Amino acid sequence: MRVLGSPVDSWPLSELRRRTTYVDQQATLVEGTVRDSLRLGVTRPVGDDQLLDALEAVGLRRALLGLPQGLDTALGRGQGLSGGQRQRLAVARSLLTDSETVLLDEPNSNWTAPANAASPEPSVTWRPPVVSSSPATDCPPSATPGTSS
């Protein structure tokens with residue numbers, strides 16, 4: 001198996017982790033704020049405008065700003081998100097990284113059709129190459145596996 005043009009076993013694990021972002025099907029939340037969760041693994045300074053843009057891209061901006069403390073709302077034990085919201089948050093986080101590749105494990109398995117204005121259809125534009133475990137027909141329209149912009 002090759003990753004970014006080189007055999008996977010030739011990569012130091014730390015370098016592979018730096019260059020790759022993985023979005024898990026379960027999208028487990030870490031305890032902390034929405035802001036903390038979005039910045040997890042992001043190595044450069046990211047301002048609120050960039051965080052909000054990433055949330056907008058995945059259809060979560062309105063819903064998360066509607067939480068009691070917006071970006072400062074604690075997640076984990078005190079405040080839960082639906083499975084679809086957790087996945088969208090993880091995808092938003094991946095948009096903020098400088099990764100060269102994004103690996104998606106069933107990227108929209110918990111996403112539901114936009115039944116209300118709080119969860120509009122995402123409009124993700126992928127910068128890095130994307131590898132997905134879902135066929136193209138199962139992905140949101142602008143998050144088609146293997147595409148990038």
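Leaving aside neighbours within four places in sequence, Leu38 is in contact (heavy atoms within 4.5 Å) with Leu51, Leu55, Leu71, Leu89, Ala92, Arg93 and Leu96. This is a predicted model, where local features need pLDDT of at least 70, side-chain atom pairs count only at pLDDT 80 or more, and totals for chains, interfaces and linings use all residues. Residues are numbered from 1 along each chain as its sequence is written, and side-chain values use heavy atoms, leaving out hydrogens and water.

Leu38 also belongs to the largest nonpolar core, a group of 26 residues in which Val34, Leu38, Leu55, Leu64 and Leu89 touch the most other members. Such a core is a set of buried Ala, Val, Leu, Ile, Met, Phe, Trp, Tyr and Cys residues joined through side-chain atoms within 4.5 Å; buried means under 20% relative accessible area, exposed over 50%, and partly exposed in between, with a 1.4 Å probe and protein chains only.

Now for the charged side chains. The structure holds six salt bridges, each a side-chain nitrogen of Lys or Arg within 4 Å of a carboxyl oxygen of Asp or Glu. Three of them are listed here:

| Pair | N to O distance |
|---|---|
| Asp48 and Arg35 | 2.9 Å |
| Arg35 and Asp72 | 2.2 Å |
| Asp98 and Arg44 | 3.1 Å |

Arg35 counts as buried, at 14% relative accessibility, whereas Asp48 is partly exposed at 32% and Asp72 is partly exposed at 44%. Elsewhere, Glu15, Arg18, Arg19 and Glu100 are linked in a network of salt bridges.
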